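Hi,

Here is the structure I promised to pass on. Have a look at it first, and my notes follow below.

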There are 2 protein chains.
Amino acid sequence: MVSVGGRLGLEGEFVEADLPLLVRRAGMAEWQDDRVRILDRRALPLVEQYLECRSAEEVAVAIEDMVIQGAFSLSIAAGYGLALAAMNGPGNLKSIRSAADRLLKTRPTGLALKRMIEACVQRAGAAIQSGRRPAEAIISTVDEAAATLARQGWKTGQRAAALLEDGSSVLTHCFPDRSYVYMLMEASRAGKRLNIICSETRPYMQGARLTSLCAQQAGFDATVITDGMGGFLMRRGDIGAFVTAADRVCMDGTVCNKIGTYQYALAASANDVPYFTLRQSGPDRESADENDIEVELRPGDALLYCGKERTAPPGVQGLYPAFDITPADLVTAIVTDRGVFEPSRINTYFDANSFVADAIL
Amino acid sequence: MVSVGGRLGLEGEFVEADLPLLVRRAGMAEWQDDRVRILDRRALPLVEQYLECRSAEEVAVAIEDMVIQGAFSLSIAAGYGLALAAMNGPGNLKSIRSAADRLLKTRPTGLALKRMIEACVQRAGAAIQSGRRPAEAIISTVDEAAATLARQGWKTGQRAAALLEDGSSVLTHCFPDRSYVYMLMEASRAGKRLNIICSETRPYMQGARLTSLCAQQAGFDATVITDGMGGFLMRRGDIGAFVTAADRVCMDGTVCNKIGTYQYALAASANDVPYFTLRQSGPDRESADENDIEVELRPGDALLYCGKERTAPPGVQGLYPAFDITPADLVTAIVTDRGVFEPSRINTYFDANSFVADAIL
């Protein structure tokens with residue numbers, strides 16, 4: 001962190017060049033004239049390469065292929081993907097809706113994608129009715145949402161950083177996206193020394209590849225462990241806090257996040273380690289409890305390989321639920337842009353003051 | 001299981017050709033004239049290849065390189081390795097002790113290795129004193145121990161199979177060695193249908209590679225999951241029993257096993273899934289409680305890769321404790337050759353009747 005000037009990040013607080021790559025504009029998905037440019041997260045951390053998508057279908061496949069992941073980041077890519085459909089197709093609402101359906105099918109569990117696509121379709125419809133170009137309406141909707149997400153993430157990260165003790169080890173699972181990265185930036189700014197323990201997160205290794213990279217880029221030491229090790233470290237007293245994102249939080253405080261989270265939450269609870277769930281935009285009004293969550297089953301073949309190496313014998317199956325469910329009583333606090341909530345009181349999020357109006361996601 | 005005759009396995013019960021490869025003689029480590037032949041477990045399940053070691057040092061390196069693993073199996077390899085030192089060296093007790101020290105250093109956590117090596121050194125010393133060849137004394141000591149282990153494993157597997165319900169799904173972690181395989185053979189013989197869920201066990205993937213192979217070879221369907229998924233499946237009610245081996249059981253019922261076991265034991269306890277620990281030869285008298293266990297730290301670099309693929313950025317560290325500790329109150333029962341014990345009463349193992357006298361390990 002040596003820059004003293006330059007363009008600010010989408011959150012309007014940090015110099016963009018000082019931010020870890022994954023929360024810079026380029027690190028999510030960017031609209032560029034006639035294409036969507038997406039950082040290929042699968043190639044990180046060793047290679048920084050970008051995929052240029054020129055159709056909604058290409059964006060949908062990129063999301064399905066895990067080029068981009070994280071409920072919010074992939075929603076931005078999907079939104080811009082819809083703009084491609086509006087720009088290249090007949091431009092009527094029917095064709096836009098058809099592309100929207102395709103994009104919605106990519107990942108069923110998070111609601112951010114659904115909200116982004118619905119908002120974009122609505123604005124496109126309004127644009128068509130008033131004789132404006134639907135693609136432009138969609139692009140500005142996504143631009144706005146991306147900036148709002150960044151500001152919400154920053155605010156959430158600020159609140160989360162305040163919960164961490166100087167000198168402690170912070171265990172995380174998967175890549176908890178921008179709130180987590182801003183948490184690291186704010187902790188660093190406050191002079192806290194943290195040791196970041198990244199659970200590798202099989203089979204896509206987001207913890208090993210993305211979280212550790214962000215921790216380094218934010219100025220901290222990072223250590224990778226397997227998904228089976230966090231409990232042992234917690235029991236040994238080596239972990240000060242367990243922090244994850246959430247793909248969805250229900251109104252009763254239930255947390256849905258990357259598979260593996262539940263086991264760590266159990267271990268945290270058993271060993272008096274606080275578990276903080278970062279969910280920048282609060283709970284989902286439409287999800288009363290876990291019965292409203294559909295846990296995505298991804299193709300199990302991914303589990304028959306380690307990297308490119310086949311590990312399981314022919315005839316063996318892989319089972320790959322992508323998320324799991326953590327009941328509210330295992331969560332210490334849910335950290336949002338509007339405040340830090342006890343899980344059982346997360347439904348009061350909507351009564352709390354918002355510093356960003358009208359967040360889509 | 002179609003053979004109707006042929007050589008019996010070391011346990012004296014099943015036709016050897018009907019047994020899964022890993023519990024056949026060739027699947028552990030075999031003495032052959034002037035060398036030790038070790039099945040290379042790292043190449044399984046796709047390739048069946050053998051390493052031929054001609055010195056104790058080669059055997060030690062094979063153990064360190066995970067060519068063979070599992071507390072008991074590697075002890076057999078180590079014992080035969082010591083015979084190589086006795087045969088090829090000056091044949092005095094000093095040189096045998098020096099090779100013994102080298103072999104003991106390969107893996108510090110399990111006690112079977114220590115006991116095997118100590119028994120071999122003792123018998124070699126007695127042989128030298130009475131003018132017999134120490135190598136032959138060592139080989140017969142290991143042969144005897146291997147047969148005893150197989151019989152103990154079979155008896156343990158028989159008791160464990162009786163605990164499993166027909167039609168249930170059995171979750172396991174890592175490769176729980178011969179007791180587990182005999183459990184599958186006995187369950188199959190009793191006509192039980194089991195669905196075997198194998199937690200892949202990063203970073204060496206013994207669950208994906210070895211356990212699933214044995215489950216198939218014993219006639220069951222096998223499914224691979226990552227090390228973060230078992231808790232979710234247990235919470236969803238999909239798992240009938242959680243079964244592992246133990247690298248060590250303390251006199252107070254504490255279980256030391258492959259890293260990741262503790263998290264699953266927590267999840268089993270939270271979801272009323274029975275957790276059965278297979279420990280064919282009972283607790284270790286020398287281990288009163290977990291304070292007597294040294295948890296081996298293996299080189300952390302293994303965690304910076306997925307297969308041969310580098311996943312973590314340069315500068316990030318890997319932390320690799322190979323085992324974890326599960327307190328007795330999370331264990332439903334410890335299954336041994338002498339009976340099924342409540343963990344808090346495992347110290348009565350030594351009062352129970354043994355059907356094999358004088359087990360070394």
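**A helix pair in chain B**

H2(B) and H3(B) are roughly antiparallel to each other (that label is for angles over 145 degrees). The axes of H2 (residues 71-88) and H3 (residues 93-104) of chain B come within 9 Å and cross at roughly 150 degrees; axes are lines fitted to C-alpha atoms over the stretch in contact, with angles running from 0 to 180 degrees between N-to-C directions. Helices are DSSP runs (H or I, at least four residues) numbered from the N terminus. From H2(B), the contact uses Ala78(B), Gly81(B), Leu82(B), Ala85(B) and Ala86(B), and from H3(B), Ser95(B), Ile96(B), Ala99(B), Ala100(B) and Leu103(B) (in contact means C-beta atoms, placed from the backbone, within 7 Å). By class, that contact has eight nonpolar, two polar and no charged residues (Ala, Val, Leu, Ile, Met, Phe, Trp, Tyr, Cys and Pro count as nonpolar, Asp, Glu, Lys and Arg as charged, the others, Gly among them, as polar).

Keep in mind that this is a predicted model: local features need pLDDT of at least 70, side-chain atom pairs count only at pLDDT 80 or more, and totals for chains, interfaces and linings use all residues. Residues are numbered from 1 along each chain as its sequence is written, while chains are lettered from A and ligands numbered from 1 in the order written.

Now the domains: chain A splits into domain 1 (16-150) and domain 2 (156-351), with bounds from an automatic or database domain assignment. Their centres, taken over C-alpha atoms, are 24 Å apart. In chain A, 20 residues of domain 1 are in contact with 23 residues of domain 2.

Cheers

Definitions and conventions
Helix = DSSP H or I, 4+ residues; strand = E, 2+ residues; numbered from the N terminus. Parallel < 35°, antiparallel > 145°, perpendicular 65-115°, else oblique. Contact = placed C-beta atoms within 7 Å.
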